[in-house]
Amino acid sequence: MIYYTDSCIIMDNNKRACFALVVATLVNKKRYSYVFDYRQGKHISISSSSVDQRNLSFFDYNRGGAVTGDKNGMFDHVSGSHVSLSISGKNVGCFDFQTNTHLTFTVNRDSVEVFDFETNEYYQYTVNH
């Protein structure tokens, strides 16, 4: 689902939560089974098949589709769009081509904080096995 503001399209909460888990996998080099989205107050089940940064594959059960790619970018099969990634330590810059949105992810162990430049808000997530 895509949400519109006055003149912009913004990334929906479920896609943002999915990418919080993707980013945590890349930074921590660990597989996770779900992400807790504090904004929505729910767990979202997402399986990851690998932590190999050259060949990543996830399945988002909440959105009903796969996310595949590598450490430089992913393809979200649910929205049919690319998401570029730029990793610098525990920080990951992200650009969502579907919504033309910039985001920054900060990973601190199993916690992920996201700043969405389109909404000008922070979002909090926890990933778990």
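What follows is a chat about a predicted model and how its chain is arranged.

Trainee: Before we start, what sort of model is this, and how are residues numbered?
Mentor: It's a predicted model, where local features need pLDDT of at least 70, side-chain atom pairs count only at pLDDT 80 or more, and totals for chains, interfaces and linings use all residues. Residues are numbered from 1 along each chain as its sequence is written, and side-chain values use heavy atoms, with hydrogens and water left out.

Trainee: OK, how many helices and strands in the protein chain?
Mentor: The protein chain has 1 helix and 12 strands. Those are DSSP runs numbered from the N terminus: H or I with at least four residues for helices, E with at least two for strands.

Trainee: And how compact is the protein chain for its length?
Mentor: Its radius of gyration is 13 Å, close to the 14 Å from the globule rule for 129 residues, so the chain is as compact as a globular protein of that length. The radius is taken over C-alpha atoms, and the rule is 2.2 Å times the number of residues to the power 0.38. The C-alpha atoms fill a box of roughly 40 × 30 × 25 Å along the principal axes.

Trainee: What do the strands build?
Mentor: A closed barrel of 10 strands, running β3-β4-β5-β6-β7-β8-β9-β10-β11-β12 with antiparallel pairing. Neighbouring strands there are turned by 25 degrees against each other on average, direction ignored. Axes are lines fitted to C-alpha atoms (for helices, over the stretch in contact), with angles from 0 to 180 degrees between N-to-C directions.

Trainee: Which strands does β3 join?
Mentor: β3 (residues 34-37) has 4 bridges to β4 (residues 42-48) and 4 bridges to β12 (residues 121-128). Both pairs run antiparallel. Two strands count as paired if DSSP finds at least two bridges between them.

Trainee: Which residues stand opposite each other?
Mentor: Asp 37 stands opposite Lys 42 in β4, and Tyr 34 stands opposite Asn 128 in β12. β3 and β4 form a hairpin with 4 residues between them, and Gly 41 in the turn has a positive phi of about 65 degrees.

Trainee: Switching to α1. Why is it called largely enclosed?
Mentor: Because 14 of its 16 residues are buried, α1 is largely enclosed by the rest of the structure. Buried means under 20% relative accessible area, exposed over 50%, and partly exposed in between (1.4 Å probe, protein chains only).

Trainee: What's at the two ends of α1?
Mentor: At the start, a side-chain oxygen of Asp 12 comes to within 3.2 Å of the backbone nitrogen of Asn 14. After the helix comes Lys 29, with a positive phi near 55 degrees.

Trainee: What else does the Asp 12 side chain reach?
Mentor: The backbone nitrogen of Lys 15, at 2.7 Å. A polar contact is a pair of N or O atoms within 3.5 Å; within protein, one must be able to donate a hydrogen and the other to accept it, and residues adjacent in sequence count only if both atoms are side-chain atoms. Asp 12 itself lies in the loop between β2 (9-10) and α1, and it counts as buried at 9% relative accessibility.

Trainee: Last one: is Thr 101 buried or exposed?
Mentor: Buried, at 0% relative accessibility. Thr 101 lies in β10 (residues 101-108), and its side chain makes a polar contact with the side chain of Thr 99 (2.7 Å).
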